[in-house]
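Open the model in your viewer and keep the sequence panel beside it. This tour goes from one selection to the next and says what is there.

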Amino acid sequence: MALGRASQQVDLLDPVSAFCGAALPGNSIFAFLHEHRDTLFPDGMFADLFAAVGRRSVPPSVVAVVMVLQRLEGLSDREAVDRFTFDARWRYAAGVGGWDGAGRAGFAHTVLVDMRERLRRSDRPDRIFEVALAAARNAGLIGRRRVLDSTPLYDAVATMDTITLIRSAIRGLLSVAGPGLTRPLRAVLAGAASGDDYTSTAKPVIDWDDKPAREALVDSRARDGHALLDALDGREDLPEPVAEAMRLLATVLGQDLETGPDGTLRIARKVAADRVISTVDPQARHGHKTNHRGFDGYKGHIALDPDSEIVTATAVTAGNTGDVEPAAGLITDLTDDPNAGPATVYGDAAYGAGEILHRLDRAGIDAKTKVQPPVAPAGKFTKDRFIIDLDQQQVTCPNGTVVPIRPVKDHTRRAGKADFGAACATCPLRAQCTDAKTGRSITIGHHETRLTAARTRQQDPAWQADYRATRPKVERKLAHLMRRRHGGRRARMRGQLRIAADFTLLAAAINLARLATLGLTRTSRGWTLHPT
C-alpha cells in the first residue's frame, strides 16, 4: 500500500469548518488539531511505513488525528470511525470538511488496526508521542524537574486457574504444531490415561467437591503435558512458534505443581514469584499496588514535568515489577545531559531505594524521593536508634554496646551485618529491642549512607513543603490518563509491547490536549505560547 496524502486545499465555504471555527473555543483539542495537524503529523512523517507504489492509503495525518481523539475519549476502533464519520468536531480536527464536498466520508475500522501494527514494526513506534513532546520542548515548556509514579493497568484477559492453564497450554502447543508434529503428539495423548483430546476449552466434568477427583484430574493433565514435552525433547528442527509453546507449557507445569509422597502431581501450596496467570497473555502478572490491593496485568509508569504537566516519558512493565526497575529509563533526558543545569526528581517511597538515590547522586540530580523510615516489630527499637559508624565499621546499640560490622560478600542488598548476640542476654533494654533468642542484629545495606542522609534531609520543613506542592501533580495526571476505563485502566489489547505502545499513545493524546489548553501555537520562529 502506498502513502496517501491529504488535500492541502482549504474550502473556505465549507459549512462544517465555518460552524466549528465559530463555535469551538480556541483552546479545544479539536481547534488545536485543525490548526496544527499538518505541522504535527504531516503525511511525509509516515512515509517509511508504506510502499513506493500501490493503492493509496487513508492519509496518515487523518488517521493520526483519529487515533489521538480515540484515546482521549476511550473508544473502540469501530466507535472511533463512527465518530469520525458523523461528528462535525472530529471532521474539523482531521481537516476533511463536511459531507457535501470532496472530503472523505469515512473508512474501515481496520485502518486503525493496520496503522498501529505498522507503527509497532517501525523504527519509531512512538512518533506521535515524540512530536507532541518536541513541540512542548520547542516552546520552552519542559524544564529539569520530573515527578515519577505508576498505576495498575488491568489485563484484557481472564486470569486462569491451574487446570485451565495446563489445558490451555497443551491446546496452544497442538494448535501451532504442523501436520508433521500433530500426528505423533496426538498419538501420545491417545495412549494417555486422561482420555482428554483437548479439543474443547471447557473444563472436564468432575465432582469438584471431591478432593481425590480434583487431584486425579490435575495429575492426569500434568502428565499429559510432560508426555508431550518428552516427545519433543531433543528436536532441533522445531519452528519458533512450537518452541515458544513448549516453553510456555513447561513454565505452566513447573510453577504450580509439586510431587506428593505418593508420586502424584498436586497443586503446590505456594505462589510462584513470577507466575504466569494466562496463556492468552503470558506476559501479564499478579501485581500489588499496596499490601491490600492486588490486580492482574501490567503497570504503567510515567515521568511528568510538574510545571507544564506534560508527560515526558512512559513505560509499561509486568504487574509484579517494582517501580525502581523502569525509573532510570524515565529520566534519561535528565541523565543524558548533566550539563544542561540543575535537575530534580520527585517520587513517593517506592522510588526511595538506595539504587535510585545512588543513580541520581552520580548524575548530579537532586533526589526528592521519600525514603521509608526504619521499622521494627511490636514497637521495638528501630534501626535509627543505633549509631552506625561506617568509617570505623562499627554499630553502637541504645545501651552503649559496640560491635563490629561483619562484611557480607556477594549479596545484592546487604554489604554487612552487626550481631549483638550474647550482649543482648544481660542487656536491661532487651525487652524494648528484640525477642530473638540469638539477640539483635543490624543489617547494613550497600547504600546505607545515602539512605540515612535522605531520611535526615526529608525532615527539613522546606523540603517537605516543596514535596507536598509538587508530587501530587502526578497523581492528577494519572487520573487524567485513567479516566476512561476502556483503554485507560483496562488494557485494550494483549502483550506488553502492544500495551506499551497504546499507553504511550494515550500519553501523547493527553499531552496534546494539555498543549491546546495552554494555548500553544506555531509561528515562524517555532512553537510558542505567546506569539508576537
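Strands here are DSSP runs of type E with at least two residues, and they are numbered from the N terminus. With that in hand, select Q393, which lies in the loop between β9 (387–389) and β10 (394–396). The model is a predicted one. The phi angle of Q393 is near 55 degrees, a positive value in a residue other than glycine.

**The whole chain**

The C-alpha atoms fill a box of roughly 95 × 75 × 40 Å along the principal axes. Of the 532 residues, 46% are buried. Among contacts with a separation of 6 or more, 67% join residues 24 or more positions apart.

Next select E309. This residue is found in the loop between β5 (293–305) and β6 (310–318). The phi angle of E309 is near 60 degrees, again a positive value in a residue other than glycine. E309 has a relative accessible area of 12% and is therefore buried, since the cut-off for buried is under 20%. Now show what surrounds E309. Leaving aside neighbours within four places in sequence, E309 is in contact with L304, K473, R476, K477 and R514.

Move to residues 406–407, 414–419 and 441–445. They belong to an open sheet with the order β12-β13-β14 and antiparallel pairing. Which strands are at the edges? The edge strands are β12 (406–407) and β14 (441–445), each of which pairs on one side only. Strand β13 (residues 414–419) pairs with β14 in the antiparallel sense over five bridges.

**Aromatic pairs**

How many aromatic pairs does the structure hold? It holds five. One of them is formed by F32 and W527, so select both. Their rings are 6.4 Å apart centre to centre, with 40 degrees between the planes, and the pair is tilted. F32 lies in helix α2 (residues 29–40) and W527 in strand β16 (residues 526–528), so the pair ties together parts that are 495 residues apart in sequence. F32 is buried, at 4% relative accessibility. W527 is buried as well, at 9%.

Then select W463 and Y467, another aromatic pair. This one is stacked, at 5.3 Å centre to centre and with 10 degrees between the planes. Both residues lie in helix α17 (residues 461–470), four residues apart, which is about one turn of the helix. W463 is buried at 6% relative accessibility, and Y467 is buried with a relative accessible area of 9%.

**Charges over rings**

Two selections show arginines over aromatic rings. Take R91 and F84 to begin with: the charged end of R91 sits over the ring of F84, 5.4 Å from its centre. After that, take R489 and Y154. R489 lies over the face of Y154, at 6.0 Å from the ring centre.

**A helix with a buried face**

The last stop is helix α9, residues 179–190. Its twelve residues reach 16 Å from the first C-alpha to the last, close to the 16 Å expected at 1.5 Å a residue. Colour L181, L185 and L189, which are buried.

Which helices do the buried residues of α9 pack against? Show α8 (162–176), α10 (211–232) and α11 (240–256): the buried residues of α9 pack against these helices.

Terms used:
Residues are numbered from 1 along each chain as its sequence is written. This is a predicted model: local features need pLDDT of at least 70, side-chain atom pairs count only at pLDDT 80 or more; totals for chains, interfaces and linings use all residues. Side-chain values use heavy atoms; hydrogens and water are left out. Buried means under 20% relative accessible area, exposed over 50%, partly exposed in between (1.4 Å probe, protein chains only). Contact means heavy atoms within 4.5 Å. Two strands pair if DSSP finds at least two bridges between them. Rings of Phe, Tyr and Trp (its six-membered ring) pair if their centres lie within 6.5 Å; planes under 30 degrees apart count as stacked, over 60 as edge-to-face and the rest as tilted. A charge sits over a ring if NZ of Lys or CZ of Arg is within 6 Å of the ring centre and within 35 degrees of the ring normal. The expected span of a helix is 1.5 Å times one less than its number of residues.
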